Amino acid sequence: MLPELILNLSQLHDSIAKHLNDVGGTYKFIGPLFANMDFIATCDPLNAHHVLSKNFVNYEKGPIFREIFDVFGDGIFTADSEKWKSSRTLLHSLFKDRKFDMLLEKTIHKKIKGSLLPILDQTQQQGRVLDLQEVFNRFTFDNICSIVLGFDPNCLSIDFPNVACEKAFNEAEESIFYRHIVPTSVWKLQRLLQIGQEKKMTKACKTFDQFLDSCIASKHEELRKFNKTKKDQDYGNSDDDCDDLLTTLMREMHEEDHKFLRDTSFNLFVAGRDTITSALTWFFWLVSTHPLIKAKIIEEIKHNFGAKEGDEKMILGVEEVRKLVYLHASLCESLRLFPPIPFERKQAIKSDYLPSGDYVKPGTMVLFSLYAMGRYENIWGKDSLEYKPERWISERGSIIYVPSYKFLSFNAGPRTCLGKDMSFIQLKMVAASILWNYHIEVIEDHNVSPNLSIVLAMEHGLKVRVTKNNM
Ligand code: HEM
């Protein structure tokens, strides 16, 4: 089946979604002999519920996943059993702290005000075309650096500087996808000989690791100096103090192990950077091509806040964006059609039967197409391909609960995304501030199609023109 897969590579997600829809939700993919590429592909919600929740103990990320994603180290994304549990407990306690919400709000607000809106302003004054995906990529990279490492590399500046660590991070992710579509022996040989995509991967990882190493080293130095001059208990006592995550790990949790700090930081970068870029890019494309939906979002903001007095540019805070139900629904709908992580894979430990009736041998790979699930007629009905925020809103005007094994964009079961709430906060703050202040128009004939990577980005970016909204 590999030649067919390669032939359809340019429309991989759509062709898998169509095939799964036609065959009733599940099929077995058989690759070349000895290539180690066989798997069961599914978008059946009952299979998702079974693998990700009910029989969770029988399905792990597994050794093949860890090999492909070796650059993630021992972080939460690749870990299983006890290692995974302790990472999850740690990150959960970091994220649920009230101070973390404050750090998030402060960081996003500062970046929207200081970089994002000024760049949109300048673009509209010059009347030039802007790649909105590139803007979001830089925006999210600066934010995740500030939140995790306490350092803003200012990738999002007017002149779009070339920032080596950002470029390296993008290249490492591209290489991981490549490892999914070539036989294991091929990429391993390339890695051994240091040729092709694997050579790129090694170089990119080295650059990004050097960046992380220097951030960790300077954080150690900063804390050492601080401890010399101040009493420990003076630190972080004020309500205004919102330490970055690396500082919290080192100070409060007394983590010294360099590899642990490196792996945790890297995993948080992957978790919280491209996913948000992807969600924002597809959302803005959908909203720009659905003017009625855009008008309703703006109407909701107007109805709730009017124009906030004294603010030249309106930027909403955490509590304010919680009130925006229609915006929330529009984002859920966009995350359904374009899930930032389009695939997920799990490996069976023991033999099993899926609810679809398919037999699973020990070691079998089960691949969930989140993209196909978001478009599966059995879940969403005949209009599954339409962008309709209304399907998320009840008659009483609140968000309809959809079980996570049907709306899988944030995963389901014990490994559900830990960043779901904070993602909605970020997405809503950015979406509201741009939609309120600017009119975004996608340039005519722009080719919008998904790229091939582990995160669903746009192959050709999102080229737009920006004009001011006169509210
Ligand atoms: C729109 C944005 C986001 C989407 C769609 C999303 C989606 C997902 C998905 C599908 C997974 C499961 C991945 C897998 O197991 O292979 C996941 C896991 C995870 N996400 Fe998110 N995510 C988003 C944003 C974030 C953010 C901002 C953070 C925090 C910085 C975050 C933290 C995590 C963590 C720590 C896990 C691992 C959970 C575990 O394995 O126990 N995510 N996310």
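**Notes on voids, ligand site and sheet**

1. Two cavities of 30 Å³ or more are present in the structure. A cavity here is a set of points, on a 1 Å grid over the protein atoms alone, where a 1.4 Å probe fits but cannot get out; lining residues have an atom within 4 Å of a point. Grid points are joined across faces, edges and corners, and a volume is the space filled by probe spheres set on the points.

2. This is a predicted model, in which local features need pLDDT of at least 70 and side-chain atom pairs count only at pLDDT 80 or more, while totals for chains, interfaces and linings use all residues. Residues are numbered from 1 along each chain as its sequence is written, and side-chain values use heavy atoms, with hydrogens and water left out.

3. The largest cavity has a volume of about 50 Å³. Its lining consists of Gly 75, Ile 76, Ser 87, Leu 90, Leu 91, Thr 264, Asn 267 and Leu 268. Helix 5 and helix 12 are the elements that give two or more residues to this lining. Helices (H or I, at least four residues) and strands (E, at least two) are DSSP runs, numbered from the N terminus. By class, the lining has four nonpolar, four polar and no charged residues. Ala, Val, Leu, Ile, Met, Phe, Trp, Tyr, Cys and Pro count as nonpolar, Asp, Glu, Lys and Arg as charged, and the others, Gly among them, as polar.

4. The second largest cavity holds about 30 Å³ of space. Among its lining residues are Arg 336, Trp 380, Lys 406 and Phe 407. Helix 17 (residues 370–374) provides the largest share of that lining, three residues. The classes are five nonpolar, two polar and two charged.

5. Which residues are closest to the ligand? They are Lys 61, Trp 84, Arg 88, Arg 415 and Cys 417, out of 22 residues that surround the ligand; a residue counts as near if one of its heavy atoms lies within 4 Å. The shell divides into 12 nonpolar, six polar and four charged residues. Helix 5 (81–96), helix 12 (258–272) and helix 19 (420–437) each supply at least two shell residues, and helix 5 gives the most, four.

6. Cys 417 (SG), at 2.3 Å, is the only protein donor of the iron atom of the ligand. Donors are N, O and S atoms within 2.8 Å of the metal (3.2 Å for Na, K and Ca); water is not among the atoms, so sites may look incomplete. Cys 417 sits in the loop between helix 18 (377–380) and helix 19.

7. Two strands pair if DSSP finds at least two bridges between them; five join strand 9 to strand 10 (residues 463–468). His 439 stands opposite Thr 467 in strand 10.

Terms used
1 Å grid on protein atoms, 1.4 Å probe; cavity = no way out; pocket = protein on both sides within 12 Å on 5 of 7 lines; lining within 4 Å.
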